[in-house]
Structures are given as structure tokens and as C-alpha cells.
Amino acid sequence: MTLLSDQAIKDDNDLTVVTHYDSIDIEKAATETNDKASSNENADHNPPNISEKKYLDINGKENITDGQPSEDTLNNDAPDGGYGWAVVVAAFFANVTLFGTVCVWGIFSQAYATSTLEGKATTLELMTIGSVMFVSLNVLSPISVLLVRFGTRFNYALGSILMCLGVVLSSFSTEVWHLYLTQGLLFGFGGSFLYMSVASVIPQWFTKRRATAMGISSAGTGLGTVAMSPLVNYLILKYGLPWAYRILGFFLLGICTVGTILIKDRLPKSHRTNQPIKSPIQVSMFKMVNFDIWLVGSVVGLMGYLPPVFYLPKYAASIGINETDASNLLSIMSASNAAFRIILGFGADKIGRLNMFIISTALSGIFAFVIWPFANSYNILLVFCVLWGGTSGMYYALAAPITTTVVGMKNISSGLSITFIFGAIAAMGTPISAAIQQATPNNEYIGIQMFTGAIYILGTFICLYLKFRLTGSLVSKY
């Protein structure tokens, strides 16, 4: 016995204690030997699954589902590049076709007001078509979430077909309600599939560079308008409205075909096919106070975006600028928008995405207040287009990353669906502006200009309050 050999036993009590402990050691050793033998015997009948792997999350805890890494683990391990940049290109093409077409509605509406629908539709009715596109794009977006099990490429392709079909069918419109159904509802419905595809797939490929990736993809909005504004104006002047629509529709289909080929999910197919079909709207999300504040702040800020974009051709005509120069101004505004989305998107990764959204929203309001009312010549209007265009569209670059940060990756589908549905409320900015103009003496634009500036500033203060709730500071990175 080991203990007996290491020390002298001087009395019976000591011997009893040591002997007792030795007995325990012997029994424990025998038990361990039997357990090992039993374990080896069981291993012969049940060999280990050598293919089973352990996946750890960012906290070092095991995170495995059915032998595969969980969605959270895959998202945390996003490559921040690689094939993700090809996905960004596909997203860029989606924004070129979708928002490029939406933003040139001002040119289409001006052409309709002086040709096919002259005397048949008011300015309010024509401008509301642009709002219907925007509302359809946002309100119908949750439908694409129901089809997520079929993959992003399926949704992207389906949206492309519906969207281009809406443009082609618009060429046969002879009444204003025809345009509500085709360019308004059908185009917006197809666009919702593209929009949700882009918003949901980029977070799979990027984490630290997510705002940069979204900024590059959303730059397609501005560059799409840069290309489409002179293109649409040229097609209308040379071929007339019907053929302008048909040529544009097939042009968009070609771009979307390339995007369909490039778009790709990073999450394994099993993660999609195993998901039950359920409502993308989780009512419990509204219990998140910070998310509710973000919804209100983003919607209020976005409400000031569409009026200047849609009204620019009409405003330019009112101060004596011809159609070609007005089209060029819209292109310049969109080019500035595209360039600054990339620059500010990169900056958002450095100073915080919510911080950048607050800064750009505040600047947009200031430019609408202090420059637009005094833009009574081409040169001053050009300055407004460059400055306001550069800061006004950051919602489209930062809405998805900010929503993801506020609600978490686990709730991203529901969070984005709710965000985009509420974003449809912002489309009311255009008919509200039309009503303000009708109530303004001589149909002046001062009411629209003040409304645009005020709504941007209000959105800024709401988001500042959200920032303070989240961080307890107004200057920290978030």
C-alpha cells in the first residue's frame, strides 16, 4: 500500500485511517478499469462518427445544427470579400434597373403631361404613380421572404421578369389608371423581389465591410439614374413614349440576366429548405423599443427624398431650363448620389453607420433649406443637385446594416421586412408635396422646399435620440 510505504504508522487510529483510504483508491482504480473496458467494448459495436465536426461561434461555444454550422456561425465567419464582391456587382445591377427607373419617373410624367395624358390627369395623379411604385416596392417585399426557401437567385430572376414586364406593358397605357397597374403596381411588385434579395444576401458575405458593400451596391441607384435620365429623354424624343418604354424594358432585362447569373447564396441549401414557410412579420419585434424608434426616424427622414427627385424636371422647367438641361441636372444629381454612397458607405464603417445616417440626413435638410429656395438659375440649381444629391440617399445604403445591428442577425428577415413595409409610408412625401404646391399661391415651390428640409431635420433628431438610447452618448461610434 503506497501510503504505508511512505510514512511510519505510530498508532492504531492512524493505521485505520490510512487503510481506509487505500481501500478507496483500490476500488476506484478497479472501477475505472472496468469503465474503460466497457467503453472499448461499446466502441466496437458503435464506432464513433468520424464525420461529425464541432463548430464554434464567436464566443467559443459549440454551435451545431444537424451536423452543420448554424446560420449565426456562418454569418459570423463571413469572408468579407471573395465571391462576395461578385454578389455586390449583382446587387449593383439590381439597383441600376430598379431605382434608376423609379428616379426617372419625373421625366416620364412630364412627357405624359404634355402628350398622351394631357388634359386627362393632374399633376397630383401623375406624381402619385411614382409613389405607388415606391409603396409596392416596400409593402410587397415580405412576399419574397416567403419564397426564401427557393434561394436568392430564384427571387432575383422572378423579380426581374415581373419588373421588366411592367415596363413593357406600360407602353400600351392610354389612361392614367393603366399606369397605376403596370408601372406602379406590377413594376413595384417585381422590384420588391430584387430589393429583398439584395438586402438579405449581402450580410451573408460581409460583416466588417458590410456598409461598404451596401454602399457600392446602392450606388447603382445613382449611376442607374445617370444612365437612364439622358437615355429615356433621348428615346422619348426620337421614338415616342410607347417605344421608349419597350426599348427600356428589354434593356433592363439584359442587365438583370447578368445579375441573375452572378447572385449567389452563401448559406447552404439545407438552411433554406429546412425552414418552414411562415409569416415574415413577427409582431414581437415591435416590443423592441429601439427598433420602433429606428422605424419612425428612418421613415420620417426618407419622406423628404422623393419630392426633389420627382419634381426636379418640373421645377427646372418653371425657371426656364429646357428639357435636355433638366435631364442633365437629374443625371448630375444621381452621379453625386452614387459617388457619395460609396464614399459615405466606407466612412460609415469607420465612424459608425447610424452616425453617418444622422450626419447625411441633417445635411440634406440644411441644403433643402438654404440652397434650393434660391436656386433660380442653372448654376445655383447645379450646386443644389451636387450637394443634396450626395447626401440625400444614404437610407438605401445604410437601412439594412443599421436594422441588422439593431435587431441582430437572427431577426434580420423580419426586421428588414418590417423596415421596408414602414418605408412605404415615406412615399406619402410626394402627394403631400403636390397638395402643398396646390395650396401655395401661384403654385410656387417654396412649400415643397420647406417641407423637404423640415422632414429631414425631424428625422435627424429622432435618430439622435435613438443613438443616445443605444450608447448613452451623442459622440460615440455606432
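Predicted model: local features only at pLDDT ≥ 70, side-chain atom pairs only at ≥ 80, totals over all residues.

Reply: Residues are numbered from 1 along each chain as its sequence is written, and side-chain values use heavy atoms, with hydrogens and water left out.

Me: What makes up the chain, in helices and strands?

Reply: The chain has 21 helices and 2 strands, where helices (H or I, at least four residues) and strands (E, at least two) are DSSP runs numbered from the N terminus. Of its 478 residues, 52% count as buried, a word that stands for under 20% relative accessible area, with exposed over 50% and partly exposed in between (1.4 Å probe, protein chains only).

Me: Why is helix 13 called roughly antiparallel to helix 21?

Reply: The axes of helix 13 (residues 289-302) and helix 21 (residues 446-471) cross at roughly 160° and come within 7 Å. Axes are lines fitted to C-alpha atoms, for helices over the stretch in contact, and angles run from 0 to 180 degrees between N-to-C directions. Angles under 35 degrees count as roughly parallel, over 145 as roughly antiparallel, 65 to 115 as roughly perpendicular and the rest as oblique, so helix 13 is roughly antiparallel to helix 21.

Me: Which residues meet where helix 13 packs on helix 21, and how are they classed?

Reply: With contact meaning heavy atoms within 4.5 Å, the residues of helix 13 that meet helix 21 include Trp294 and Val300, and those on the helix 21 side include Tyr456 and Arg469. By class, this contact has 13 nonpolar, 5 polar and 1 charged residues, where Ala, Val, Leu, Ile, Met, Phe, Trp, Tyr, Cys and Pro count as nonpolar, Asp, Glu, Lys and Arg as charged, and the others, Gly among them, as polar.

Me: What makes helix 14 and helix 15 roughly antiparallel?

Reply: Helix 14 and helix 15 (residues 323-351) pack at an angle of about 150°, with their axes 9 Å apart, and they are therefore roughly antiparallel to each other. Val309, Leu312, Pro313 and Ala316 in helix 14 meet Ala326, Leu329, Leu330 and Met333 in helix 15. This contact has 8 nonpolar, no polar and no charged residues.

Me: Why is the pair of phenylalanine 99 and tyrosine 195 called edge-to-face?

Reply: Rings of Phe, Tyr and Trp (its six-membered ring) pair if their centres lie within 6.5 Å; planes under 30 degrees apart count as stacked, over 60 as edge-to-face and the rest as tilted. By this rule the count comes to 19 aromatic pairs. In the pair of phenylalanine 99 and tyrosine 195, the centres are 5.5 Å apart and the planes stand at 85°, which is edge-to-face. Phenylalanine 99 lies in helix 4 (residues 84-103) and tyrosine 195 in helix 9 (residues 176-205), so the pair ties together parts that are 96 residues apart in sequence. Both phenylalanine 99 and tyrosine 195 are buried.

Tyrosine 315 and tryptophan 372 also form an edge-to-face pair, at 5.9 Å centre to centre with 75° between the planes. Here tyrosine 315 sits in helix 14 (residues 306-318) and tryptophan 372 in the loop between helix 16 (353-370) and helix 17 (378-392), 57 residues apart. Both residues, tyrosine 315 and tryptophan 372, are buried. Ring pairs link a cluster that includes Tyr315, Trp372, Trp388 and Tyr456.

Me: What is the phi of asparagine 442, and how do you know whether that residue is buried or exposed?

Reply: Most residues other than glycine have a negative phi. Asparagine 442 has a positive phi, near 60°, and is found in the loop between helix 20 (429-439) and helix 21. Its relative accessible area is 71%, so asparagine 442 is exposed. Asparagine 443 has a positive phi near 55° and lies in the loop between helix 20 and helix 21, but at 43% relative accessibility asparagine 443 counts as partly exposed.

Me: How do you know that isoleucine 412 is buried?

Reply: Isoleucine 412 has a relative accessible area of 8% and is therefore buried. Leaving aside neighbours within four places in sequence, isoleucine 412 is in contact with Pro203, Thr404 and Val407. Proline 203 lies in helix 9 and, at 1% relative accessibility, counts as buried.
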